[in-house]
Amino acid sequence: MGFIYVTKPVQIEAVSSDVLSYMEKGITAAIPKWLLGGFIDGTLAMAGTELTCNTKNGRVAVNPGDMLIRLADGEIYPCDLRVFNSKYEEVPEATDKHPYK
C-alpha cells in the first residue's frame, strides 16, 4: 500500500516572456529587476529572436508566451502557459508576510 502526498505551497515570482518585447523598445521599467538580472548573470540569453534560459538541467529554449518563473532560491526557468495555469494561481497581494513564503 502506498502513501499519498501533495506538494507544499511555494510562493514564486513569474512574468510572461512576452514582456521582453518591451526591452526591444527600450522600455525596461515594466521588466522585473530579477529578470534583468538574469541577463546580467548569464541565466538568460538572447541570440537574435531566440531566448534561452540556463537551468540546473542545461540551457533550454523559452517559447513565446511561456512564463518565466523565479523560485525562492533565485533559480529562473521557463514554463508553458498551460502548465503554469494548472499549477499556480496569483496571490492578490503578495508580501513578505505571505504564509506560502
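These legends go with a set of close-up views of one predicted model.

The model is a prediction, with local features needing pLDDT of at least 70, side-chain atom pairs counting only at pLDDT 80 or more, and totals for chains, interfaces and linings using all residues. Numbering starts from 1 along each chain as its sequence is written, and side-chain values use heavy atoms, with hydrogens and water left out.

**View 1. The largest nonpolar core has 12 residues.** A nonpolar core here is a set of buried Ala, Val, Leu, Ile, Met, Phe, Trp, Tyr and Cys residues joined through side-chain atoms within 4.5 Å; buried is under 20% relative accessible area, exposed over 50% and partly exposed in between, with a 1.4 Å probe and protein chains only. Members include Val15, Trp34, Leu51 and Ile76. At least two residues of this core come from α2 (33–40), and at least two from β3 (50–55). Helices (H or I, at least four residues) and strands (E, at least two) are DSSP runs, numbered from the N terminus. Apart from this core sits another, of 5 residues, with Ile12, Met67, Ile69 and Phe84 among them.

**View 2. Leu51 and what it touches.** Skip residues up to four places away in sequence, and Leu51 still has contacts (heavy atoms within 4.5 Å) with Leu20, Phe39, Leu44, Ala45, Met46, Val60, Ala61, Val62 and Leu68.

**View 3. β3 pairs with β2 and with β4.** Two strands count as paired if DSSP finds at least two bridges between them. β2 (residues 44–47) runs antiparallel to β3, joined by 4 bridges, and Leu44 stands opposite Cys53. Their hairpin leaves 2 residues between the strands, and Gly48 in the turn has a positive phi of about 70 degrees. On to β4 (residues 58–62): 5 bridges join this strand to β3, again antiparallel, with Thr52 opposite Ala61. β3 and β4 also make a hairpin with 2 residues between them.

**View 4. Gly65 in the loop between β4 and β5 (67–70).** Neighbours within four places aside, Gly65 is in contact with Ser16, Ser17, Asp18 and Leu81. Gly65 and Phe84 are 19 residues apart in sequence and 11 Å apart in space, C-alpha to C-alpha.
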